[in-house]
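Me: I've got a structure to go through. Can you help me read it?

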Amino acid sequence: MLKYDIKMRKALELLKDGEFRAAQELLIKNMKLSPSYQSYNNLGRFFAEFGNERKNGKVVRADKLAFRYLKKSLELNPNIFAYRNLAYFSYELFYYENEGLEDAEKYQAEVLNLKCNYEDLYNYAVILYQAGEYSQGISILNELLNHYPEAGLLYLWLLVKLDKLSKNALKNYQEILETLEPFSQQYFYYHCKDYAQVISVTELYPSYCLEVDKESLAIYVDSLIKVSGETEIKRHANEICKKID
């Protein structure tokens with residue numbers, strides 16, 4: 001996101017003090033007095049994040065205004081800040097309203113064409129994952145993993161989608177795996193065919209006060225079948241059913 005200039009910092013100070021209208025008017029005034037790509041970007045970002053306060057004091061969403069000003073910023077100068085903001089807010093529309101993913105991908109690709117950082121690359125991989133473009137997402141992360149450890153979990157999910165998750169891959173990200181909820185751990189172990197670990201993780205659910213849903217139960221039973229005889233399966237199944245009621 002854009003590093004705030006003096007006017008934007010002043011607007012944020014006003015927001016912290018509850019002076020929403022004053023912050024909005026400050027940015028509008030700044031845009032009119034200095035119609036630069038920075039002022040259009042700041043105003044567009046403000047409307048996207050905080051909405052628009054009308055004269056009656058009611059605050060409403062202002063997505064159209066936000067995108068209009070951000071695009072105006074690009075007309076004046078194809079800058080990375082406006083592209084980042086457009087990508088971010090387009091992705092938010094997708095996340096909450098299931099629309100805007102194509103726009104998010106398009107704008108984030110433009111960010112990568114400019115001087116981008118590791119976070120920009122990671123954000124692009126996230127968008128590619130949501131768009132089902134798994135191979136391209138893996139290509140991005142292969143260049144990123146050594147520099148951006150936060151990308152490890154997304155890398156594992158992409159490997160699952162491509163049916164390429166292995167025990168070795170999972171072992172390399174053991175620290176990340178240990179921070180995940182048992183549901184996700186079970187899922188990863190199952191996809192790398194470590195069925196003994198699936199069983200161990202699933203049988204810890206009661207200690208976490210977790211309920212086993214149908215998908216988790218199916219994974220558990222299938223893992224039991226693959227590593228146990230019929231008698232052992234019945235014993236395990238009876239024990240876990242008693243524990244989870």
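This is a predicted model: local features need pLDDT of at least 70, side-chain atom pairs count only at pLDDT 80 or more; totals for chains, interfaces and linings use all residues.

Me: Ok. Where is N79 found?

Reply: N79 sits in the loop between α4 (63-76) and α5 (80-97).

Me: Is N79 buried or exposed?

Reply: Buried. Its relative accessible area is 6%, and N79 counts as buried because that is under 20%.

Me: Which side chain does the side chain of N79 make a polar contact with?

Reply: That of S73, at 3.0 Å. A polar atom of the N79 side chain also lies 3.3 Å from the backbone nitrogen of F81.

Me: And what does N79 touch, leaving out residues up to four places away in sequence?

Reply: Y37, S73, L74 and L114.

Me: New topic. Which residues in the largest nonpolar core touch the most other members?

Reply: L141, L154, L165, L170 and F188. That core has 39 residues.

Me: Which elements give two or more residues to this core?

Reply: The list is α5, α6 (101-113), α7 (118-130), α8 (134-142), α9 (152-161), α10 (167-172), α12 (182-191) and α13 (195-202).

Me: Which one gives the most?

Reply: α7, with 8 residues.

Me: Back to L154. What does L154 touch, again not counting residues up to four places away?

Reply: Y122, A125, V126, Y129 and L141.

Me: How many residues are in the second core?

Reply: There are 26, and this core is separate. Its members include L43, F47, F67 and L86.

Me: What do nonpolar side chains tend to do in soluble globular proteins?

Reply: They tend to be buried together.

Key: Residues are numbered from 1 along each chain as its sequence is written. Side-chain values use heavy atoms; hydrogens and water are left out. Helices (H or I, at least four residues) and strands (E, at least two) are DSSP runs, numbered from the N terminus. Buried means under 20% relative accessible area, exposed over 50%, partly exposed in between (1.4 Å probe, protein chains only). A polar contact is a pair of N or O atoms within 3.5 Å; within protein, one must be able to donate a hydrogen and the other to accept it, and residues adjacent in sequence count only if both atoms are side-chain atoms. Contact means heavy atoms within 4.5 Å. A nonpolar core is a set of buried Ala, Val, Leu, Ile, Met, Phe, Trp, Tyr and Cys residues joined through side-chain atoms within 4.5 Å.
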